[in-house]
Amino acid sequence: VTAEDGVTTNTYTINFTIADPATDATLSDLQVDGTTISGFDPATLTYTMEFAYGTTDIPVVTATENDVNASVEITDATSLPGTTTVLVTAEDGVTTNTYTINFTIADPATDATLSDLQVDGTTVSGFSASTLSYNMELASGTTIVPTVTATASDVNADVNITNATALPGTTSVVVTAEDGTTTETYSVNFTVATSVFDLSFERSINLYPNPTSGIINISFDNVIDTKWQIEVFNSIGSLVYTEELSKIDKTIYKVDLGNFSRGMYFIKISTNTESCVKNIILK
């Protein structure tokens, strides 16, 4: 710069320099399948992620560098379990960091229990995952096997239902856990109630009172060759006589009421499969 007098001068100098290249080789974000990895920290270089048993698709890893002038190179795992690496090279071309994500696969589940067990759309009374056997009595005359449905506690478990072929009968539910080895078998045992008004059985039995001796003669059209029971109730419902026999091989059976000889009585005769109730008056 020259002053007005044409003699005085000053010279100003500007020195231009080039900054050293950056050495930042860290990431600002690390994502797996579009979600930042749990616990991500730029200073943490190693991570482990566990996937459900049976997973085969290799996760997609993306990374964002802190310094836009740094470079990122991702090497994907070739299979599962496996490892994906992210190499970050700083602007200086020398400084690097390698982030590592180890992908593991969980062991198969061993849960072979049910969360629900239903018969004709209603949960079985008293159902519990740890209870394997249930008894259900159906109405007298039922001939159609109920529909059993079951829900596994683990969605990856397999449920196989084998229906009863007739009534009475048993429907079984086999649950196989995800591991393919662990199993549990639930059973629903169906029985059919015996009507006390089974007419065919009732008509084969006749009662003949003998009031002077307090004896009731029971006449059977056919011999009963199975376990059976006789119960006698008075008019107010009190049990005054009971007997259980393995079989009866004669067609007339005597019931001795002794002192309970006068009045109305109700006689219930039962076998394993049927029963009937008759009334009689001893005068």
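Reader: Among contacts in the protein between residues at least 6 apart in sequence, what share joins residues at least 24 apart?

Author: The share is 54%. A contact here means heavy atoms within 4.5 Å.

Reader: What kind of model is it, and how is it numbered?

Author: This is a predicted model, where local features need pLDDT of at least 70, side-chain atom pairs count only at pLDDT 80 or more, and totals for chains, interfaces and linings use all residues. Residues are numbered from 1 along each chain as its sequence is written, and side-chain values use heavy atoms, with hydrogens and water left out.

Reader: How many helices and strands are there?

Author: One helix and 21 strands. Both are DSSP runs, numbered from the N terminus: helices are H or I with at least four residues, strands are E with at least two.

Reader: Why is Thr84 called buried?

Author: Buried means under 20% relative accessible area, exposed over 50%, partly exposed in between (1.4 Å probe, protein chains only). Thr84 has 0% relative accessibility, so it counts as buried. Thr84 sits in strand β6, residues 82-89. Its contacts, leaving out residues up to four places away in sequence, include Val61, Ile74, Tyr99 and Phe103.

Reader: What does the side chain of Thr84 reach at 2.9 Å?

Author: The backbone nitrogen of Ala77. A polar contact is a pair of N or O atoms within 3.5 Å; within protein, one must be able to donate a hydrogen and the other to accept it, and residues adjacent in sequence count only if both atoms are side-chain atoms. The 2.9 Å distance falls within that limit.

Reader: Is Ala25 buried or exposed, and why?

Author: Buried, because its relative accessible area is 2%. Ala25 lies in the segment before β1 (27-32). Its contacts, with residues up to four places away not counted, include Val88, Thr95 and Tyr99.

Reader: In what order do the four strands of the open sheet stand?

Author: The order is β3-β7-β6-β5, with mixed pairing. β3 (46-51) and β5 (71-75) are at the edges because each has a single partner strand, so one side of each lacks a neighbour in the sheet.

Reader: What makes β3 and β7 a pair?

Author: Two strands pair if DSSP finds at least two bridges between them. Thr48 has Asn102 in β7 as its bridge partner.

Reader: What percentage of the 283 residues is buried?

Author: Buried residues make up 31%.
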